Amino acid sequence: MSGEDSTSLVPGLYLVATPLGNLGDITLRALEVLRNADRIACEDTRQTQKLLNHFQIATPTLSCHEHNERQRAAELVQAIQSGARIAVVSDAGMPGISDPGNILVSQAIAAGVPVIPIPGPNAALAALVASGLPTAEFHFLGFLPERAGARRSRLEELAAAAVQLQSPQTILIYEAPHRILETLADLESTWGPETRITIARELTKLHEEFLRGTVADLRRELAARERIRGELVLLVESPPPAATPRQSAEPGVSARLAHIQSQSGVDEKEALKRLARERGQSKSDVYRELQRERARRR
Ligand code: SAM
């Protein structure tokens with residue numbers, strides 16, 4: 001393996017992964033690139049300065065965040081065309097993954113300048129490998145929509161798609177601690193209480209924690225805490241277990257609705273109400289299950 005020094009670093013855009021918490025996770029190659037680059041474009045220069053001070057790196061920094069990335073990209077690509085080596089970092093993890101970096105990469109590629117990944121820490125993958133959930137196939141979602149209605153619709157859409165999967169997979173979601181209980185409540189009502197999940201909290205930090213279980217159990221456990229702190233990754237096993245066995249054990253919603261309608265001559269709305277009562281579920285839960293069944297058949 002060849003080391004990277006100021007002479008071997010070719011002009012280009014270097015996407016440098018930085019630690020999620022534990023500074024020991026910085027790679028040797030990341031240090032070499034940060035030390036020998038001409039400039040470091042940072043999501044937040046103050047945050048990155050702490051990392052640079054720790055490793056005694058004096059490379060000049062400049063800001064490149066979601067509000068100025070487009071304009072910065074033009075400047076930085078021009079600098080690379082004139083021979084500069086530009087490193088890009090976010091506050092933590094891989095730049096470009098739920099973080100700025102993607103616009104810069106597209107513009108660099110369009111201008112024909114080299115784009116070089118310097119791999120390292122990433123919260124989603126660190127959480128996945130230790131989650132105990134399937135790793136062969138996974139779906140990275142990033143953050144769910146903040147608005148409650150949009151978040152619920154997204155989860156319903158995913159549930160409808162999940163029942164059509166040929167093999168199990170894991171869905172990876174970045175979530176904020178102040179929203180996790182709401183998201184778990186939405187997940188429980190749209191995916192079912194038995195859905196298997198893992199919550200990875202404070203990865204690589206002193207209070208690193210993995211919670212593994214059903215969505216109902218983990219919601220109860222977190223709700224009992226005085227406060228939920230730190231950063232979180234939520235991992236959901238897909239499809240939920242209820243999607244397969246329960247449907248084979250019970251008649252489908254549409255079959256049962258058709259039966260109620262033919263027996264009592266009521267319309268679908270009334271039949272839904274009766275079926276919800278029969279199953280001890282809410283009308284909207286039964287309706288969502290009906291939609292999922294219909295989507296599966298399409
Ligand atoms: N680019 C980063 C990466 O590669 O993982 C992700 C940046 S995104 C703005 C921040 C989110 O990542 C947090 O809200 C949390 O969901 C997750 N995250 C970051 N650090 C984490 C940690 N130490 N433990 C758990 N989750 C973390």
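A pocket here is an open set of points on a 1 Å grid over the protein atoms alone, with protein on both sides within 12 Å along at least five of seven lines, where a 1.4 Å probe fits; its lining residues have an atom within 4 Å of a point. All the views show a predicted model, where local features need pLDDT of at least 70, side-chain atom pairs count only at pLDDT 80 or more, and totals for chains, interfaces and linings use all residues. Numbering runs from 1 along each chain as its sequence is written, and side-chain values use heavy atoms, with hydrogens and water left out.

**View A. The largest pocket and its lining.** The largest pocket comes to about 820 Å³, taking volume as the space filled by probe spheres set on the points, with grid points joined across faces, edges and corners. Its lining counts 32 residues, and those nearest the centre are Leu20, Asp91, Ala92, Gly93 and Glu231. Two or more lining residues come from each of α2 (45-54), β7 (169-175) and β10 (232-238); helices (H or I, at least four residues) and strands (E, at least two) are DSSP runs numbered from the N terminus. The largest share, four residues, belongs to α2. Sorted by type, the lining splits into 16 nonpolar, eight polar and eight charged residues, where nonpolar means Ala, Val, Leu, Ile, Met, Phe, Trp, Tyr, Cys and Pro, charged means Asp, Glu, Lys and Arg, and the others, Gly among them, are polar. Domain 1 (12-121) and domain 2 (125-238) each put in at least three residues, with bounds taken from an automatic or database domain assignment.

**View B. Where domain 2 meets domain 3.** Besides domains 1 and 2, the protein has a domain 3 (253-297). The C-alpha centres of domain 2 and domain 3 sit 28 Å apart. Eight residues from domain 2 and five residues from domain 3 make the contact, meaning heavy atoms within 4.5 Å. Together the two domains bury about 590 Å², 51% of it on carbon and sulfur atoms; this is the accessible area (1.4 Å probe) that the two parts lose on being put together, summed over both. On the domain 2 side, Glu156, Val163 and Gln164 supply 53% of the area buried against domain 3, more than any other three residues. Zero salt bridges turn up across this interface, a salt bridge being a side-chain nitrogen of Lys or Arg within 4 Å of a carboxyl oxygen of Asp or Glu.

View C. In one, the side chains of Arg151 and Asp186 pair up at 3.1 Å, N to O. Arg151 belongs to α6 (residues 148-162) and Asp186 to α7 (residues 180-191), so to speak a link between distant parts of the chain, 35 residues apart.

**View D. Glu43 and its contacts.** Glu43 sits in the loop between β2 (39-42) and α2. Its C-alpha atom is 6.6 Å from that of Val89, 46 residues away along the chain. Setting aside neighbours within four places in sequence, Glu43 touches Cys64, His65, Val89, Ser90, Asp91, Asp99 and Pro100.

View E. Most residues other than glycine have a negative phi, and most peptide bonds are trans. Ser98, not a glycine, has a positive phi of about 50°, and lies in the loop between β4 (85-89) and α4 (102-111). Ser238 and Pro239 are joined by a cis peptide bond, with omega about 0°. Pro239 falls in the loop between β10 and α9 (245-249).
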